[in-house]
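Please read them with the sequence and coordinates open.

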Amino acid sequence: MLNVIIFLVGALIMFYMALRSVRARQQLRTKGVCVQATVSGTVQSRDGAAYVLEFTTAGGSHRLPKPAKGKSFAEGSVVTLYYDPDAPEKMFVEGDKSVLGAELLYVGIGVALLVLMVGIMNR
């Protein structure tokens, strides 16, 4: 019985993580600032390689590093960026598949845990 509870809790955590990621992305799309940013190059950040996004708003010019996970954008390309002006590290680049990949991974692991739980229950 303890195994079933462990698998169920694990699956619920994975589904929660996927939902949290989807909601954060949607919140940036609806309440964040949408700008066209230019990829000006790459830098080394504490999380590894990152591409630098430059854009201008009424508040001035900005340069934000975005971890280069998933799709890398060519230098000079223009991307649609949604970000929270109060916390610029919270951002979403339209077309960046790494976010969607993480959400799918969470759901996949959650489903796998549920399947394993059912398998244990039927023994």
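1. Two strands are taken to pair if DSSP finds at least two bridges between them, and helices (H or I, at least four residues) and strands (E, at least two) are DSSP runs numbered from the N terminus. On that basis, strand β1 (residues 33-45) runs antiparallel to strand β4 (residues 78-84), with 6 bridges joining them, and Val35 stands opposite Leu81 in β4.

2. β1 also pairs with strand β2 (residues 48-57), again in the antiparallel sense, over 7 bridges; here Gly41 has Val52 of β2 as its bridge partner.

3. The model is predicted: local features need pLDDT of at least 70 and side-chain atom pairs count only at pLDDT 80 or more, while totals for chains, interfaces and linings use all residues. Residues are numbered from 1 along each chain as its sequence is written, and side-chain values use heavy atoms, with hydrogens and water left out.

4. Is Glu103 buried or exposed? Glu103, which lies in helix α2 (residues 97-121), is buried, at a relative accessible area of 5% (buried is under 20%, exposed over 50%, partly exposed in between, with a 1.4 Å probe and protein chains only). Leaving aside residues up to four places away in sequence, Glu103 touches Ala18, Ser21, Val22 and Arg25, where contact means heavy atoms within 4.5 Å.

5. Ile5 belongs to helix α1 (residues 2-31) and, at 42% relative accessibility, counts as partly exposed.
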